[in-house]
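Okay, thanks for coming, everyone. Let me put the model up and walk you through a few spots in it.

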Amino acid sequence: MTTTIPTPAAGVPVGPGLSMFDPIFIGIDEFGQPVYLDVIYRNILIAGEPGGGKSGLVNNICGHGALCDNTRLVLFDAKLVELGPWRNLADAFIGPDIDQGIEVLRRLLVVATNRYTWLLANRRRKLAPGDGMSVIVTIIDELAMFSTVLGTKPQQEEFSSLLRGLVSLGRACGMPVVAATQRPSWDIIPASLRDLFGYRAAFRCTSLNSSNIILGQGWAEQGYTASDISPTNQGAAYLLAEGGVPRRIKAAYLTDTDIYNIADYAAWTRRPTPAGNPSLNPTEWEMAA
């Protein structure tokens, strides 16, 4: 099947040359100051009730990754439409198929293990921009579909176990994970998984307990509860960074038109050229198949 790479729409305010090692702009804080995240060496958990604005933050990160040089996307979206605009840019796009999801996670773990072997051989502990390896960003929109809905109980448990392994290993070898869910409960986000995420964003929740499940036990009782975010204030969240205190943020919003324009532009920048495009050459991702 031939895929046509559309010409980007005029006026898209982006340009080539970004890197996943650059801080990602995600919005502003309660004082109007810009907020940036270093996702490359961390993972980010995004959760909250439906309509709270989670997809805005997810698409901001996905858009940055799509525009970055030497970056690969692995997208899980059981609903198909949340990450659908980016599907033609992804090395793998997993819809409502838990068998495919498990297979892809296994491949990612092989890649992560091989990278750690390389780091050990080179007397290193984490990947650096000059190492020449691609960054592989895994984004899962609606974690609950893969851990509690699709497939059998053993398949769900295997998916959750593999994901926990990838979140554990990915942060130092250039394979960050972004996971989002609208069901912040202990069966979806157990503490053993939540605590592996260096960044946690709690969008509006209906209870103190749900907010604690996302941010960590005790934060709601100290006044940092996403249950006090107004239902009409979409995109507002409490963001917890490693070793810090939650702070109120407002995620930047991209319309559907913005998202598709950026995706088209990213596809155009990644197009094959007569001289060859290094980002399209086989890498350890293909070899792990």
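This is a predicted model: local features need pLDDT of at least 70, side-chain atom pairs count only at pLDDT 80 or more; totals for chains, interfaces and linings use all residues.

Let's start with the strands: strand 8 and strand 9 (residues 236-240) are joined by four bridges and run antiparallel. Helices here are DSSP runs of H or I with at least four residues, strands are E runs of at least two, numbered from the N terminus, and two strands pair if DSSP finds at least two bridges between them.

Residues are numbered from 1 along each chain as its sequence is written, and side-chain values use heavy atoms, with hydrogens and water left out.

So, is strand 8 buried or exposed? Five of the five residues in strand 8 (residues 199-203) are buried, so the rest of the structure largely encloses it. Buried means under 20% relative accessible area, exposed is over 50%, and partly exposed is in between, with a 1.4 Å probe and protein chains only. Tyr199, Ala201 and Phe203 point one way, Arg200 and Ala202 the other.

Now helix 4, residues 153-170. Its buried residues include Phe159, Leu162, Leu163 and Leu166. Looking down the axis of helix 4, the buried residues fall within an arc of 140 degrees, so they line one face; that arc is taken from the directions from the helix axis to the C-beta atoms. On the other side, Lys153 and Pro154 are exposed.

Next, aromatics. How many aromatic pairs does a search of the whole structure find? Eight. Rings of Phe, Tyr and Trp (its six-membered ring) pair if their centres lie within 6.5 Å; planes under 30 degrees apart are stacked, over 60 edge-to-face, the rest tilted. Take Phe76 and Phe146: edge-to-face, 5.7 Å centre to centre, 85 degrees between the planes. Phe76 sits in strand 4 and Phe146 in helix 3, 70 residues apart.

Tyr224 is partly exposed at 25% relative accessibility, and Tyr238 is buried at 7%.
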